[in-house]
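Student: Could you help me go through this protein? I'd like to talk about sheets and helices in turn.

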Amino acid sequence: MTNAAPGRAATSFRVLLKGYRVRAELTQEELAEGSGVSVRAISDMERGIAKSPQRRTIEALAAPLSLTDEELTGLQKAARQGRAPAPEIHKTYLIGVLPADVDDLTGRERDLDALRALSADLCDGRRRSGRVAILSGPPGTGKTTLAVRVAHNLAEEFPDGTLFLKLRGMSAEPANPADLLHLILRSLGVDAVRIPADPEDRAGLCRSLLRDRATLIVLDDAADEAQVRPLLVGGPRCLTLITSRQMLVGLECASRLPLDVFGEHDAIALLSAIIGAGRVARERQAALELVELCGRLPLALRIAGNRLASRPTWPLSRLVDQLRGRRLTTLTAGDLCVRSVFELSYRQLSPNAAAVFRRLSLVPAADFSVGAAMALVEATDEDDAAVFLEELADASLLQTSQENGRYQFHDLLRVFATERLALEESPEVVAAAEKRLADWLVRTATAAGRYFHPSDGASPLPVATPSFGDHTGAGRWLEVELKNWLAAVKSVAARGAHRPVLDLAESMHWYSEIGGTASVWYDVFELAVDSAIALGSKRDEAVHRNYLSWVQASLRDRAEESIRMARLAWDAAVEAGDPREQGWARVYLTSAHARDTGSTTSPELFDEAVRLFEEAGYPLGVHVARTMRASYWFRSGRFADAAEEFEVCVRYFAQEHGGTRTPVDDTNYAYVLLRSAQNLAALDAPDRALTQCETALGLFRRHGATMGQARALQETGRLLRRQGDHANAHRRLSEAEELYERIGLTQAQIDTLGERAALADEMGDPGSARTDRERARGLGDRLGGLP
């Protein structure tokens, strides 16, 4: 071993370093311990792998190597000579020419703020790699436009320039990552002959050149994760923006900004920016309809705006008329075409996902479940159908719904899917798929409805159904699929499949007191009456005319029509020889008479209903009829007799009757409590009355029975008013009025407004009282004009 310093003629950094280490009689491990530089780094330097270490690394080695100032300077010079010439960096690169910004970008302020925050985070000095943000969303939502705006806005924060690369992800031949890395290196000034052949080496060189530079990288129109991953070469001071129709869920540690269509306000703002605010203001309603026909999709709005801007004499209504007829064809302006943009994404789908996409246009409502997809493509496994839906969601051709496990179309994508279905599938295939979907929806809705039958031993209870664990799951399905199963039962009825219609309607009777609306149940039970007549089934006709009588009286405030329907139900039940349905006909007839101020109720009808139900062996019906009889006695002033009858009925409905208690058991019990509370108040027992009302309200709320909640709130408000608790009375009456308005019970809403007006008078608030009475009069005028 020699103690002489390495010769000055030595030109290699690695030779100099090893010579100094040998002179100092240090192993690599000992040098690492003394300098704080890793053993791996020292080994790489001595083997020539790391030819150009940083200045601070060389200075750390100086002390344990006992270098003189002249030796340290010489070692640093050798390191500099081993480095590749630094390419000249320009603000505008060969491939980094940024597209022009648009002046009328609107509706993306929140996204712009989020991206500015990402840029600001790069300055904290603690990151090892740059920030990555993915802008994804359906075709036409303006992902590239937003990325370009961000790049222009943040240009000063990235003094080393901007790289803008078109990845052509939606083309037949997306850009090759290796070729893109080659272009990046050329843009960074690397001579072509010095660019490595191996893609990984190219990526490594890119990272080395961008390590200490503040550069904004835009990767526009990415195909998938495999194309993007090699291009994530930005250093700690770099921001990489990726635009893609794909969600790119496989990329880790990326911020995600999913872009959606505009809200109404932003859609109108964009249209105004293109054609002028005055023109929009002059035809406000036409403008609102236009943006909805464009699906509030930025690209569609821009096309529509450009067409109108080029035709300044056109009224907006003219373009609206064109859009109503041929939306996708109308949404074309020069080389901008909504249909073409959609086709690019559609052509990327697997055959099975494309078939699901087309056939989902047959779903009546905007959103749907995996079960619908299974029915449409005859899948036998839910997981298979879910895979196709996820592929469509990843491609931004479907969106996940707010309801867990459900999906939805953008409006214009649904139009496009309908077009593809007509072009690519035969009418026979389409009809078969539509039939499978409708049959599945009707079967599932029928099964769900049976979860709401009372556990009285006489009503049909649900069979084991894999889709629903209990009534909560069944009720939620009925609620979110309402538009779909309602359209399906109409479709099934139209093709003459009457028995499924009757089965669904009968399964829904008890649920109809909890969910749905008056118009829904009128349609369902009217379809069932028609099906019963078509089949010649008098028993079914009686059942569903009875249900229609209930709808007319309880939900539509149509007492006269309810009376007529109950009498027709009676005639059909007598002809069928069915005492149970005869009993229900009497119950609904008396209920309708009670609501019709021009009619009188015969007391014998109650006794007859009780007798008929007893003859049919139907205790639930017996006690419903006895409850009705007690209510009649209450209205007639026979409060003591009514109290005894109500007590019997309350005990019956509070008891278990075999099987698991269902929501209808509770709501039936709650309705009896409400009727009993009215009688208790008349007997001057307000505390007991209020307790029963509160119990009833709790039961209705537990099961989401909107109509029951409204009636309980109204009755509770009346009782609180009598007790002088004006504040709580006002709150309860206001809640009741809002619920009545939501479900369309106009007469009950009028009554509640009258009660609240009287309360306002008592509270010394004549202004509120006047407002409530005016609203009640307006509703009364409208109710009088309804058919």
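Predicted model: local features only at pLDDT ≥ 70, side-chain atom pairs only at ≥ 80, totals over all residues.

Student: OK, in what order do the strands of the five-stranded sheet come?

Tutor: The order is β2-β3-β4-β1-β5, the sheet is open, and its strands pair in the parallel sense.

Student: Which strands are at the edges?

Tutor: The edges are taken by β2 and by β5, which covers 255-258, and because each has a single partner strand, one side of each has no neighbour in the sheet. Going from one strand to the next, the twist averages 15 degrees.

Student: What holds paired strands together anyway?

Tutor: In general, the strands of a sheet pair through backbone hydrogen bonds, and the pairing can be parallel or antiparallel.

Student: Over how many bridges do β2 and β3 pair?

Tutor: Strand β2 and strand β3, which spans residues 216-220, are joined in parallel over five bridges, and within this part of the sheet phenylalanine 164 stands opposite valine 218 of β3.

Student: And β3 with β4?

Tutor: Those two are also described as parallel, with four bridges between β3 and β4, the latter being residues 239-244. If you look at isoleucine 217, you will find that its bridge partner in β4 is threonine 240. Helix α7, made of residues 143-153, packs on the sheet and touches β1, β2, β3 and β4, while its direction makes about 165 degrees with that of β4.

Student: Back to β2 for a second, is it mostly covered or uncovered?

Tutor: Strand β2, residues 162-166, is mostly covered, since four of its five residues are buried, meaning under 20% relative accessible area.

Student: Now the sheet with β8 in it, how are its strands arranged?

Tutor: That is an open sheet of three strands in the order β8-β10-β9, and here the pairing is antiparallel. Its edges are β8 (367-369) and β9 (399-400), each with a single partner strand, so one side of each is left without a neighbour in the sheet. Between β8 and β10, which is residues 406-408, there are three bridges in the antiparallel sense, and serine 369 has arginine 406 of β10 as its bridge partner. Helix α19, residues 370-377, packs on this sheet by touching β8 and β10, at about 80 degrees to the direction of β8.

Student: Switching to helices, at what angle do α17 and α21 pack?

Tutor: Helix α17 (residues 338-346) and helix α21 (residues 411-424) pack at about 70 degrees with their axes 11 Å apart, and they are therefore roughly perpendicular to each other. On the α17 side the contact includes Phe342 and Tyr346, and on the α21 side it includes Leu412 and Phe416. By type, the contact residues divide into six nonpolar, no polar and five charged.

Student: How do α30 and α31 cross?

Tutor: The axes of α30 (residues 603-615) and α31 (residues 619-635) come within 8 Å and cross at roughly 165 degrees, which makes α30 roughly antiparallel to α31. The crossing of α30 past α31 is left-handed. Among the residues that meet are Phe606 and Phe613 from α30, and Val622 and Tyr632 from α31, and the contact as a whole divides into nine nonpolar, one polar and five charged residues.

How values were computed:
Residues numbered from 1 in each chain as written. Heavy atoms only, no water. Axes fitted to C-alpha atoms, helices over the stretch in contact; angles between N-to-C directions. Parallel < 35°, antiparallel > 145°, perpendicular 65-115°, else oblique. Left-handed = near helix turned anticlockwise from the far one by under 90°. Contact = heavy atoms within 4.5 Å. Nonpolar A, V, L, I, M, F, W, Y, C, P; charged D, E, K, R; others polar. Buried < 20%, exposed > 50% of the residue type's maximum accessible area, 1.4 Å probe, protein only. Pairing = 2+ DSSP bridges.
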